[in-house]
Structure formats: C-alpha cells, structure tokens
Protein chains: 2
Amino acid sequence: MGPEMASSAMTVAALIFSLFSLSNSINTFPLSSHYRSIGRPSPPFPSSLIKPELLKPTISYSSEKVYYEIKYFTQTLDHFNYVPWGYETFQQRYLINSKYWGGPIDKAPIFVYTGNEGDVEWFAQNTGFMFENAPYFKALLVFIEHRYYGESIPYGSEEIAYKNASTHGYLSSAQALADYAMLIIDLKKNLSAEDSPVVVMGGSYGGMLATWFRLKYPHVCIGALASSAPILNFADITSPYSFNNIVTEDFRSESENCYKVIKNSWQKIHETAQQPGGLEELRKSFRICPNYISEDSLTNWLERAFIYTAMTDYPVPSSFLAPLPAFPIEQMCKAVDDAGDEQFKGIYEAANIFYNYTGDSMCFNLSDNSDRHGLNGWGFQACTEMLLATGGRTQESIFPPYTYNYTQTQEYCQQSYGINPRPHWITTHFGGHDIKRVLKRFGSNIIFFNGLRDPWSGGGVLENLSDSIVALVAKEGAHHIDLRFSTEGDPMWLSEVRKREIHILSMWLEQYYKDIA
Amino acid sequence: MGPEMASSAMTVAALIFSLFSLSNSINTFPLSSHYRSIGRPSPPFPSSLIKPELLKPTISYSSEKVYYEIKYFTQTLDHFNYVPWGYETFQQRYLINSKYWGGPIDKAPIFVYTGNEGDVEWFAQNTGFMFENAPYFKALLVFIEHRYYGESIPYGSEEIAYKNASTHGYLSSAQALADYAMLIIDLKKNLSAEDSPVVVMGGSYGGMLATWFRLKYPHVCIGALASSAPILNFADITSPYSFNNIVTEDFRSESENCYKVIKNSWQKIHETAQQPGGLEELRKSFRICPNYISEDSLTNWLERAFIYTAMTDYPVPSSFLAPLPAFPIEQMCKAVDDAGDEQFKGIYEAANIFYNYTGDSMCFNLSDNSDRHGLNGWGFQACTEMLLATGGRTQESIFPPYTYNYTQTQEYCQQSYGINPRPHWITTHFGGHDIKRVLKRFGSNIIFFNGLRDPWSGGGVLENLSDSIVALVAKEGAHHIDLRFSTEGDPMWLSEVRKREIHILSMWLEQYYKDIA
C-alpha cells in the first residue's frame with residue numbers, strides 16, 4: 001500500500017470526494033461565488049461514504065464483539081405496481097445473529113436494523129448497541145441491507161443498476177420499507193416466530209427509515225429506535241441554514257479565534273490561488289499530492305473535514321468515518337489556535353486531524369477516483385426524493401455565505417441524472433409538517449435520539465410528541481453516538497442515554513407481552 | 001329504448017355480467033362441480049358495476065339534493081419509483097362542492113370521499129350523508145376519482161390503459177392513496193386552507209381506502225369514516241366461507257322454505273338443462289331472451305340477484321344497484337314461499353324483483369355485452385392485490401358447495417391477465433392480522449360502520465379497537481347504508497347510527513381546533 005493511501009481516513013476521504021466533486025465538474029452553474037460545490041443537493045450522510053469493495057465478502061463474520069451470518073432473500077423489485085417487469089427479483093442481503101436469541105417458544109424479541117445507504121456489514125460493525133444488549137433482551141439480531149447498496153443490487157450488477165434512471169429508478173425509500181416488511185414477515189414465518197415482537201433500529205438515514213417503518217408498518221414492528229434521524233430536514237420545515245449554522249456553532253463555541261481563522265481562510269485561499277505560483281504555495285501548505293490541485297477541490301476538501309468532524313465530534317476516540325481523537329473539534333481548534341498568525345498552518349493542522357490522524361499519509365490526493373464513485377446510490381436519492389435542505393450558509397457561517405437556492409439543486413440533478421427532483425414527496429408521503437399535532441394523537445413507541453453537536457440535529461425531533469413518542473437529546477452528543485459500542489471512556493450522559501433507551505425498549509416489550517397474554 | 005334494456009336494473013345486470021362471465025369462458029378450470037363461475041377471485045363490490053358511459057359528461061351537476069363542480073388535477077403516474085416513464089401524468093377528476101364551506105379563515109373542515117372502483121359521480125350521487133351534513137359542519141366536499149376508473153384514465157384512453165399489464169399495472173391501492181395525498185395537499189394550498197382539517201370518508205372499497213389513508217397519511221387527514229370496509233376479508237384472517245354464509249343466513253332467517261327452494265333449485269336447473277328441450281323450458285320459465293342461454297349463464301344470473309340483493313337489503317326502497325323495494329330479501333322470499341310447488345316460478349319471481357322491479361323488461365338478455373366490459377379495472381385489482389377471499393361455499397350454503405381453492409383463482413388470473421396475484425401484499429402493506437393488538441396502541445380516529453345483513457360485514461371491523469377507533473354495528477344494516485341519503489322511512493337505528501357518526505366527527509374536529517389553538 002503506497003503512502004498516499006495508507007490511512008483509512010484517506011480512503012474515506014476519497015469516497016467522500018466522489019460526492020462533492022460531482023458538482024464541480026458542472027461549470028454552467030450560475031453560482032454567485034467562486035465556490036461551485038455548494039450547488040449540490042445536500043451533504044451526504046457519513047454512511048454513504050462506505051462502498052462494498054472496502055469489506056471482504058464473507059459467509060459469516062466474527063470478531064471479539066461482532067458475530068453474524070450472511071443470508072439472502074429473494075426480493076421483489078417493485079412492490080407498488082403490477083407491470084410485468086416489476087415482478088423481477090433481486091437478492092437482498094441480510095445479516096443474522098441468533099446467538100443470544102431466546103427463540104420462538106418464548107416469543108423472544110427480534111431487533112432489526114433498517115439498513116441505510118451503504119454496505120450493511122459496515123452498519124452492523126458500527127452498531128454495537130444491538131450486540132451489547134442482545135444478551136439482556138435475548139434478542140435475535142437482523143441487519144437488512146438497503147436495496148441498491150452493498151451487495152443488494154438489482155439487475156445483477158451495479159453497472160446495470162446504476163446505469164440510468166430506467167434501472168436506478170427503483171431506488172426509493174418507500175420501496176426499501178416495503179422490502180423490510182416483506183423480509184421480516186417471511187423471516188418470522190420461517191422461524192415460526194410470528195409472535196416474536198420486532199423492534200426496528202437505525203441511525204441517520206437508517207433512523208429515518210426506522211421511524212417511517214414504525215409509522216407505516218405498525219403491524220410489523222412494535223416500536224422504533226431512531227438515532228440522529230433528520231426526518232424534519234426538508235423544505236419549509238427546517239431552515240436550510242440550520243445544518244451549517246450548527247457546524248459553525250460547534251467550532252465557534254470551542255474558540256472564537258478558531259472560528260474566525262477558518263472563516264477568513266476561504267478568502268485567503270482564493271487570493272493566494274489567483275496569484276502566480278499561488279496554487280503551488282497552497283499545495284505545499286496543505287501537503288497536496290503533485291498530481292492535481294485546484295482552488296475548488298482544495299476548499300471542498302477542507303470543508304468536508306470540518307463538516308464530518310462536526311458530525312462525529314464524539315467524546316471518545318472513534319474510527320467511524322476516520323480514526324479520530326476524542327473531542328476532535330476541540331483538537332482542531334487547539335491546532336488552529338496554537339498556530340498563531342502563520343498563514344494556513346492552523347487550517348492544515350486541523351484538516352490533518354481528520355484526514356491523517358494516524359500520521360500515515362505523505363500527501364493528500366484531491367483527484368482520487370472521483371468518477372469511479374460518481375453515480376452512487378445516495379447521489380441519486382438526494383436528487384429524487386431525499387431533498388434534505390442543508391445548503392444554506394449565512395453571513396455568520398464558518399463557510400463562505402451561500403443563499404439557499406432550490407433551483408440550483410434542480411439544475412444540478414437534471415444535469416447529473418437527467419431527472420427532476422420531487423422535493424415535496426417525502427413530506428407528502430411520510431409527513432413532517434406540524435408533526436407535534438399529528439403525532440400527539442397518532443402512533444406510538446418511537447425514540448428519537450439526537451446529539452446537538454451533530455449538524456443533522458437541526459432536522460431531528462427534539463421534544464416529546466406524546467407519552468410514547470419521545471425525544472432524547474444530548475447537548476454534547478454527535479451523529480448516532482448512542483448506537484455505537486460503549487467504551488470505557490464514555491461520559492455519564494451517554495451511559496444514561498443508553499440506559500434510558502433500554503428501559504423504554506423493555507417497557508414496549510412488557511406491554512406487548514401483556515397485550516398478547 | 002327497446003324493451004330488453006328498458007330498466008336500469010337490466011343495465012346494471014348487464015354490467016354485473018361482464019365480471020361473472022369472464023370465468024365462464026375458461027373451460028380448463030378443474031372445477032369439481034358444473035358451476036364454472038366460482039373460480040373467479042371474488043364477487044365484485046357493487047360499485048364496480050357502474051361504468052362512466054352511464055353518466056352524462058358535465059362540468060357541474062345539480063339536482064335538488066346534489067351539487068358539485070367537476071375539476072381535474074394533473075396526477076403523477078408512479079409515486080414510488082423514479083423511472084422516467086413514471087413521471088408521466090394523467091388527469092385525475094374530482095368533484096367539489098363549496099356551497100356550505102365556512103372557508104379557510106375559519107379553518108372550516110374538508111370532507112373528502114376517497115373514490116373507489118367506478119365513476120366518482122355515481123359515488124357522489126349515492127353519498128347523501130356528505131351533502132346532508134355539509135351545512136352543519138360548514139364543510140367543503142370533495143370527491144376524488146380513483147385512478148383507472150371513470151374519466152381518470154392514464155394514457156389518455158381506456159383502450160390503452162386497460163390493454164395489458166404494462167399499462168394497467170399502475171392501478172394499485174398504494175398509488176391511489178398517494179394520489180389522494182397529492183391532490184388534497186395541493187388543493188388545500190390552492191385554497192389557502194392548510195389549516196382546514198380533512199376527514200376522509202368512503203364505502204366498500206372506498207371505505208378500505210379511507211381506513212388505509214388515515215393509517216398511512218395521518219398528516220393529511222384527522223380521521224376516517226369507513227363504511228362497510230372489509231379490510232379483514234383477506235386470506236388467513238376472515239374465512240373464505242364467511243361471505244356466502246352471510247348471504248345464506250340472510251335468506252334462511254327470512255324463511256326456511258325460501259332457503260331450501262333456492263338451495264335445491266340449482267340441481268333442478270342442472271337436471272332440466274340436461275334433458276332434451278330442457279334449455280328451452282328454462283328459457284321460458286325465467287323469461288330469458290331468445291338470443292342466448294346456457295346453464296352456467298342462467299345460474300350465474302340468478303346467483304348475482306341473490307348476492308347483490310343481500311348486499312343492498314335496505315329497510316327502505318332504494319335504487320343503488322337496481323330499483324328495489326324496502327326489505328328486498330323479505331320480498332324475494334315472499335315470492336318464493338307464495339309460489340308453492342310450481343317448478344322455478346318462485347325463483348323466477350325472486351330474480352324478477354332484482355332485475356325488473358319497475359316491470360319494464362320483456363325478457364332478460366344473458367349474453368349482453370360480456371366482452372365489452374371484460375377487462376375492467378376491478379377484475380385487474382381482484383387478480384393482483386385485492387384477493388378478497390370470498391369464494392367458499394359450505395354444504396349448508398344457499399349456493400352449490402365449493403371448496404375454496406386459491407390455486408384456481410391464481411390460474412384464472414394467470415389466464416385472464418397473464419399475471420400472478422400477490423395474495424399477501426395487502427396484509428403486508430396495510431396490516432390486518434392481529435388488528436386488535438396492533439391498533440390498540442397505534443393510530444386513532446376511525447369509525448368502522450358495518451351492517452350485518454351485508455355479506456361483506458364478515459370481513460369488517462366489528463368491535464372497538466381503541467377509544468377512538470370504534471365500530472358501529474347495525475344488525476339490520478346492509479352495504480354502507482349509513483352513507484346514503486336519509487329518507488322519511490329510515491328506521492330509528494339508522495338515524496341513530498348517523499347521529500353517532502356526526503357526534504364522533506364533531507369530537508375529532510373539536511379536538512383538532514383545540515390542538516391548534
């Protein structure tokens with residue numbers, strides 16, 4: 001492995017890049033600033049960055065903490081229409097762990113992870129909460145892969161499935177939920193476990209799916225644990241400036257100087273890039289590999305570091321998106337503050353924490369594989385229905401200001417995929433507007449966890465909607481930290497959140513067993 | 001108008017015929033008896049019998065009691081996929097009456113009829129409950145036509161839309177519900193009536209849609225009035241013998257002799273038909289027109305009269321499917337009992353009540369237009385997802401015994417439409433199993449009305465599921481009688497049912513206004 005790609009942080013960065021760079025290649029955008037990347041629909045969830053080729057194919061997986069078998073279910077391509085080609089099937093992958101299961105006779109519960117936009121093995125391995133609590137609940141664990149991700153690709157190959165909207169078009173959240181319903185009902189039948197209660201769980205987009213699954217399929221699951229699920233991050237509900245406001249606040253609350261240095265750096269980078277030899281100077285300052293540099297690719301690369309660090313600003317060391325120290329924003333700001341007046345040094349050191357915490361990378365490759373991952377699944381979803389409104393940046397933003405403009409997103413999607421987004425479909429189908437009134441008297445048994453450091457928390461449910469649709473909010477938390485493996489360094493509040501979740505799950509189960517008694 | 005088609009009962013009979021006769025033409029069915037018609041998926045709801053050509057095209061309609069304007073909404077063909085052809089649109093018809101509406105400033109309510117399998121004008125004209133109560137509630141009335149029925153035909157014409165599964169395949173209940181959500185949200189926006197609460201209402205399949213709409217789109221409506229909605233009439237929930245058992249009991253409870261005469265008639269008809277000149281004798285006995293007779297077509301024609309009379313066994317004169325006297329089963333049985341021993345006379349007189357109550361028909365045409373209406377919408381729905389399990393007939397049945405056999409339905413559907421039914425899809429997507437437990441703690445604000453004379457009531461919700469998901473059951477009631485116009489002769493129990501419904505609707509509205517205050 002060469003020094004350029006030595007760290008997993010670097011690999012992740014390459015994958016992140018694929019999404020961000022797409023819009024760079026479109027030069028017709030009428031952007032008001034020179035930062036072309038901001039016309040993109042929304043920042044991807046971190047989980048979209050993981051591609052199946054990073055994980056070895058297995059028939060089962062076992063580590064000290066994680067164990068599962070890999071199975072496949074013959075899934076229907078189109079659940080909602082009866083056109084002949086909709087009857088086509090594909091192999092949907094799911095992982096199953098029955099090590100702790102109490103079995104069908106005891107009606108022991110089934111915990112199902114509603115897989116999101118990526119390889120399901122990666123989600124399983126990053127959802128320690130389920131493995132750690134399975135013994136207590138005697139729960140069967142099931143992780144279902146989302147259609148069009150990982151190995152669960154219709155038409156036999158990504159090449160065909162992602163080719164264009166004719167084959168890619170069966171990628172939708174409604175289809176994914178119906179997949180889960182079909183698979184769970186069939187699995188329970190095969191296990192003679194019809195009476196085993198199902199609880200669904202998920203983080204990020206997976207948490208949105210868990211929420212919606214509980215709302216749309218209450219006959220298939222008794223409750224949902226939805227972690228960092230921005231189900232309200234849609235047009236006319238959550239401000240499109242919320243996301244970047246939270247990133248800004250994350251840094252600013254750490255150090256006013258840090259915030260200012262980062263905020264001012266964009267103009268400095270721009271001025272430097274315009275000067276003769278400026279790009280060379282930038283290359284040297286940020287240790288960019290010789291093969292490629294441009295102002296846009298550099299600023300995108302830096303922005304990503306700050307955004308993803310905000311999402312994963314965990315109080316303990318982690319290696320979710322990249323190996324990171326505990327409190328990485330604090331570390332970044334410390335680097336910025338310590339650098340004093342030296343041009344770009346602080347910014348570089350901060351980026352280095354995200355991209356190269358292990359210290360293995362010799363230089364950073366800004367052009368890596370940007371087309372290989374171009375037409376990935378999340379990009380398509382973000383351009384069809386998942387119009388998470390996050391692009392806006394105020395004058396106060398740590399990033400260059402940008403007036404949120406849906407038309408630009410639309411143009412971007414038209415040019416990238418040849419399709420028109422349906423920006424109101426998600427709220428039409430799943431709701432979101434006026435959610436306090438609607439769910440006050442409808443539905444039950446949902447936990448919404450949000451950590452307020454997470455830029456996605458602005459689109460989350462932050463207050464109880466009813467007695468059993470409850471919000472757990474952690475001021476110091478970040479993106480679905482509750483679902484991660486516990487560690488010795490976990491702060492008290494995090495242990496309390498998990499205890500609370502376990503307590504609520506127990507209540508749901510108790511109620512279920514009472515109801516069927 | 002010739003004497004053959006003089007009565008509207010006759011016209012309806014011709015339309016009914018189209019559905020029943022389809023299976024007759026398939027001679028490969030391995031039926032155990034000589035009654036070939038019983039391999040069909042399920043008896044159609046009465047409303048499927050009405051075709052748009054029976055109603056004159058209008059831009060508005062006004063009678064003493066009924067008034068509406070006709071409007072169109074540009075609807076998306078496929079809500080759940082992003083394939084390019086799914087973006088195609090069609091004109092969805094809806095009817096609107098704002099005569100009594102209190103308007104958006106007062107947040108006056110909107111009552112929406114979730115149209116079922118037929119021309120929406122016919123439903124509006126047969127849903128007096130909405131017109132009669134609009135003034136009290138100051139409600140806007142909206143009747144939305146179901147896709148693929150009436151004028152709401154994709155692809156510009158029935159000829160193309162019904163051609164084969166490639167174009168017909170976008171006819172599904174999930175798509176219909178999404179249509180309603182899209183239309184209602186858009187309409188409210190256009191009327192600046194975002195704060196006006198919506199209550200959905202429907203009878204029969206329309207009642208199933210109203211129920212499911214409340215369950216799937218609680219953010220679009222605050223409650224549902226579901227009349228005679230057999231949402232449980234699916235495999236493994238309601239017995240497939242329930243439907244015909246209720247028909248049997250309807251007649252038997254009137255007169256044991258009547259039941260026996262009808263029950264024994266099938267064998268007598270069969271024996272007569274086998275004799276030389278027997279069909280001629282049958283033709284004379286039943287006043288069948290000279291153009292066509294067969295044993296199967298005759299028995300189908302008689303069975304239909306008994307089944308549809310059971311559905312519409314109202315305590316007041318009606319002209320829903322056909323002009324009928326009050327208590328038509330009582331009248332039929334009186335005719336049978338009065339006829340004494342005279343071969344077929346009682347049966348003929350009974351059929352005459354259904355087919356010729358006005359006395360205009362000179363003879364009955366058994367072959368009328370059976371192919372013109374062959375591939376109608378409901379037949380397709382009954383062969384794809386709406387697998388209402390109703391075909392079984394016990395040894396005690398008033399009809400010839402038939403052991404329910406899903407495989408025959410499947411073969412019928414394969415041969416008729418070239419498609420495989422998805423018999424478990426409805427319960428997978430909408431639930432139904434274990435409904436008492438599921439809805440005890442989920443959802444709210446649904447009224448299920450059922451009249452126990454109605455053969456569909458066996459698949460209805462007959463007990464309260466929670467404080468606000470309630471069942472109103474009328475021992476003497478028939479198919480969605482509560483939604484019909486009130487008449488002077490209405491029995492006390494019927495007035496009480498309607499009063500109760502109005503009271504519950506008022507409570508929902510009161511609660512809503514309190515919640516948003």
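Biologist: At what relative accessibility does Gly203(B) stand, and does it count as buried or exposed?

Modeller: A residue is called buried when its relative accessible area is under 20%, exposed when it is over 50%, and partly exposed in between (1.4 Å probe, protein chains only). Gly203(B) has 0% relative accessibility and therefore counts as buried. This is a predicted model, in which local features need pLDDT of at least 70 and side-chain atom pairs count only at pLDDT 80 or more, while totals for chains, interfaces and linings use all residues. Residues are numbered from 1 along each chain as its sequence is written, chains are lettered from A and ligands numbered from 1 in the order in which they are written, and side-chain values use heavy atoms, with hydrogens and water left out.

Biologist: Where is Gly203(B) found, and with which residues is Gly203(B) in contact?

Modeller: Helices (H or I, at least four residues) and strands (E, at least two) are DSSP runs, numbered from the N terminus. Gly203(B) belongs to strand S6 of chain B, residues 198-203. Contact means heavy atoms within 4.5 Å. With neighbours within four places in sequence left aside, the contacts of Gly203(B) are Tyr113(B), Asn116(B), Ser227(B), His480(B) and Leu483(B). Ile329(B), 126 residues away along the chain, has its C-alpha atom 22 Å from that of Gly203(B).

Biologist: What is the place of Arg453(B), and which side chain makes a polar contact of 2.8 Å with that of Arg453(B)?

Modeller: A polar contact is a pair of N or O atoms within 3.5 Å; within protein, one must be able to donate a hydrogen and the other to accept it, and residues adjacent in sequence count only if both atoms are side-chain atoms. Arg453(B) sits in the loop between strands S10 (446-451) and S11 (469-474) of chain B. Arg453(B) is buried, at a relative accessible area of 16%. The 2.8 Å partner is the side chain of Asp313(B), and the side chain of Ser253(B) is joined to that of Arg453(B) at 3.5 Å. Beyond four places in sequence, Arg453(B) is in contact with residues including Ile246(B), Asp250(B), Ile329(B) and Lys475(B).

Biologist: How many salt bridges does the rule count over all chains?

Modeller: Side chains of opposite charge can pair when their charged atoms come close. The rule asks for a side-chain nitrogen of Lys or Arg within 4 Å of a carboxyl oxygen of Asp or Glu. By it, the count over all chains is 38. One of these joins Arg93(B) to Glu151(B), with the closest N and O atoms 3.5 Å apart. Arg93(B) lies in strand S3 (residues 89-97) and Glu151(B) in the loop between strand S5 (140-144) and helix H4 (158-161) of chain B, so this pair ties together parts 58 residues apart in sequence. Arg93(B) is buried at 1% relative accessibility, whereas Glu151(B) is partly exposed at 33%.

Biologist: How far apart in helix H18 of chain A are Glu496(A) and Lys499(A)?

Modeller: Glu496(A) and Lys499(A) are three residues apart, about one turn of the helix. Their side chains form a salt bridge at 3.7 Å, N to O. Glu496(A) is partly exposed at 38% relative accessibility, while Lys499(A) is exposed at 54%.

Biologist: How many residues of chain A are in contact with chain B, and what area do the two chains bury between them?

Modeller: Buried area is the accessible area (1.4 Å probe) that two parts lose on being put together, summed over both. Here 54 residues of chain A meet 54 residues of chain B, and the chains bury about 4,700 Å² between them, 58% of it on carbon and sulfur atoms. Tyr82(A), Arg422(A) and Phe442(A) provide 18% of the area that chain A buries against chain B, more than any other three residues. Four salt bridges cross the interface; Lys440(A) and Asp515(B) meet in a salt bridge at 3.1 Å, N to O. H6(A) gives the largest share of the side of chain A that touches chain B, six residues.
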